[in-house]
Every structure is written in C-alpha cells, then in structure tokens.
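The sequence and structure are shown first.

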Amino acid sequence: MPIKRKINRPVTAIYIHIPFCQHLCDYCDFPKLQYFRLFAEKYLSALSREMESYNVPNTIETIYVGGGTPTALDDDLFLELLEIIKPYSSIVKEYTFEANPESLSKEKLQMMKDYGVNRISLGVQTTNDEILKKINRKHTYDDVKTAISTARKMGFDNINTDLIIGLPGVGKEQFQKDLDNLVDLGVDHISCYSLTVHPNTMFFIKGISEPKEELSRDLYDYAEKFLKENGFVHYEISNWAKPGRESLHNLTYWKDEHYYGFGMGAAGYIQETRYTNTRSISKYNAGKCIDEEEHVTREDDKLYYLMLNLRTNRGIEFNDYIYRFGINFLEAHKDTISRLVSQGLLVLEEDRVYPTYDGMMVLDQIIMELSE
Ligand code: SF4
C-alpha cells in the first residue's frame with residue numbers, strides 16, 4: 001500500500017490570552033498584569049487587530065479563552081471581548097472560558113451563555129481558605145461552591161477545576177479533602193498540576209520550594225485511584241475527565257495539531273512554525289505581536305509528536321504516524337516497545353501504543369528511548 005504523508009494539516013483551535021487579573025497570586029508566572037481599564041480597552045483593540053490580520057479558516061473546532069483572568073474585565077469590556085470572538089465561534093464544538101470563582105458573576109455567565117460558551121474552567125487550586133489567603137488568592141471555598149452551582153443552574157454542563165499539587169500547606173490529607181470536595185460538587189474535569197517555582201515570583205523570593213518528587217508521586221497515585229473510583233478517566237498525565245468530557249481544545253495540543261495563539265504571551269503553531277507572542281503589553285498594544293518563531297523541521301516534529309501524544313491515554317496511533325511521517329512506528333521501534341511493554345510502562349494494541357499510569361510517571365525516560 002502506498003504510504004501517504006500528511007503535509008498541511010488544518011488549523012483547528014484558537015487560544016486567546018486575556019492578561020489581566022484583579023490581584024496577582026504569589027506563585028504565578030503566566031503573562032499577566034494588574035487590571036487597569038484603560039490598558040484593557042487598548043488591549044481589546046490590539047487583540048481584534050491581531051485576530052483580523054490572520055486569515056482564520058472555517059476549520060476551527062475549539063476556542064479557549066485563558067489568562068490572566070478573562071472574567072476580571074468589566075462587564076462592558078467582557079461583552080466587547082465576546083463580540084470580537086463571535087465571528088470565529090459560531091460553529092465550534094467546544095468554547096471555554098477560564099474564570100476565577102470570585103469573578104464568575106451571573107451577568108458574565110449569562111453573557112457567555114448568549115455567545116455560545118459551553119465550558120468553564122475554574123482556578124480553584126485548593127479548597128482550604130487559609131492556604132488560599134496565604135498564596136494571595138482572593139476566593140474562598142464558598143465562592144467555588146457558589147460559582148459552580150450558579151453555572152450549573154444556568155445550563156453549563158462542562159466544568160473544569162484546577163488544583164495545584166504541592167502548594168505550601170497542602171499535604172496528602174488536604175489534597176484528599178480537595179479532591180473529595182470537587183467530586184462532591186460534581187465537576188466534569190479536574191486538572192492537577194505540580195507546583196513549579198519560577199524566578200520572579202513571590203514564591204521564589206520567599207524561598208518556597210517545589211514539592212519533593214515522592215510527595216508529588218504519592219498525591220498523583222492517590223488522585224489516580226480516587227478519581228477512577230469516582231468515574232473519571234485519566235486521559236492525560238495531569239488531567240482527569242468524566243467520559244466524554246475530555247478537553248477537546250487541549251487535545252489539539254497533545255495531538256500536535258495546529259492552532260492559533262492570540263494575545264500577549266500566547267503561543268501558536270501554524271504552517272510548520274511555532275511562535276510565541278511578546279509578553280510586553282506596550283509592544284503588543286502597538287501591534288508588535290510576535291516575539292519568537294521556530295521553524296519546525298520534520299525531525300523536530302517527530303519529537304514533538306512523540307512527547308505530546310505519549311502524554312495521553314490515546315498514545316501513538318500507528319496509522320496516524322504513517323499518515324504524518326510516512327514511517328511505520330511499530331516496525332521502527334519494535335524492540336524498545338516490547339521491552340517497555342514487559343516493564344509495564346506501555347500497552348501495545350493492534351493499532352496503537354500508549355503509556356500505562358506508571359509509564360506516564362516516567363515519560364521522559366520513555367520518550368528518550370523511543371526517540372533514539
Ligand atoms: S494564577 Fe491566575 S489569577 Fe493568579 S495571577 Fe496568575 S493568572 Fe492571575
């Protein structure tokens with residue numbers, strides 16, 4: 001059978017970054033700044049110009065508006081943002097807005113509903129009020145409960161919550177409580193990312209350290225067992241979802257597909273080029289959007305493809321790999337795959353190979369072995 005190689009893939013996703021926050025959290029390294037209305041007004045004009053400057057095709061399936069805190073915008077600017085996105089959102093399957101629990105008002109939820117937003121991603125981090133206060137978050141656990149129940153009542157049936165593993169004060173007991181609370185609230189998706197302490201954050205200045213590997217592993221092990229028992233599927237290293245509630249948008253990244261990144265600090269991948277926008281608001285507002293570009297060669301792409309697809313329970317699909325690179329992945333890595341399978345790190349099926357839970361926990365090692 002002749003081997004086909006997929007050269008041009010459609011762009012299927014849009015990420016939009018809204019960099020404003022009502023307050024700045026001590027651990028955060030995202031491109032963000034304190035909310036000032038004047039900046040936000042100029043920013044929305046610049047965002048609109050950037051989006052219009054691309055000839056966005058009608059192949060877009062998902063839109064994700066993240067930040068920063070998109071819900072930090074005043075209501076009239078929030079409406080303006082929804083209007084800017086409207087030409088791209090009419091036929092998408094998944095349209096997500098990130099929100100902080102304290103700023104997810106009924107008014108904003110109604111606006112989102114009116115404009116077709118069908119997924120909410122809430123930054124919860126922990127459900128312990130004292131710890132939230134210490135890390136300079138402005139919400140409480142009560143705010144989380146109110147935000148989720150209000151969103152549910154208004155018809156949002158796809159809600160994600162983020163937790164951070166290894167926040168100071170969050171040991172195993174607190175983490176168990178956090179997961180218990182979120183499961184009780186009936187959320188559809190839970191992301192658990194391990195704390196990274198970045199230079200230039202208050203955590204770094206205060207000398208707070210990242211969680212020890214054993215603690216992270218112990219908490220991931222607990223999440224894996226507990227969430228499975230409660231009907232969640234572990235579909236990506238740090239993400240669990242009820243069946244059918246996997247994030248379609250994030251799967252675009254993990255399938256190594258093409259996407260636009262709009263806004264300050266956003267990253268995109270189109271026409272074999274990965275690009276990152278500037279983190280400077282003044283440059284961005286002046287229209288100097290792109291800061292870095294990387295041309296992705298076929299060899300780079302093979303490595304990206306491996307690194308990203310193996311994060312998921314879908315793994316590497318052999319036909320897709322042939323379609324994309326013209327290579328039979330199983331033939332090319334037969335011995336390594338069978339060794340990793342016998343070590344309990346990979347599962348081999350007729351049409352694909354994917355990591356076990358233990359495999360996901362040592363993914364770097366697997367990638368290194370499969371990229372040799
Ligand atoms: S964690 Fe979220 S709310 Fe806190 S500063 Fe960062 S972007 Fe803003």
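Arginine 324 is buried, at 2% relative accessibility; buried means under 20% relative accessible area, exposed over 50%, and partly exposed in between, with a 1.4 Å probe and protein chains only. The model is predicted, so local features need pLDDT of at least 70 and side-chain atom pairs pLDDT 80 or more, while totals for chains, interfaces and linings use all residues. Residues are numbered from 1 along each chain as its sequence is written, and side-chain values use heavy atoms, without hydrogens and water.

Side chains of opposite charge can pair when their charged atoms come close. A salt bridge is a side-chain nitrogen of Lys or Arg within 4 Å of a carboxyl oxygen of Asp or Glu. The structure holds 27 salt bridges, including those in the table.

| Aspartate 301 | Arginine 324 | 3.1 Å |

Arginine 324 belongs to helix α12 (residues 318–325) and aspartate 301 to helix α11, so their pair ties together parts 23 residues apart in sequence. Helices are DSSP runs (H or I, at least four residues), numbered from the N terminus. Aspartate 301 is also buried, with a relative accessible area of 6%. Both residues belong to a salt-bridge network that also includes Arg9, Asp256, Glu257, Glu272 and Arg274.

Within helix α11 (residues 298–309), glutamate 299 and lysine 302 are separated by about one helical turn because they are three residues apart.

Aspartate 76 is partly exposed at 43% relative accessible area, as is arginine 37 at 32%.

Definitions and conventions: Helix = DSSP H or I, 4+ residues; strand = E, 2+ residues; numbered from the N terminus.
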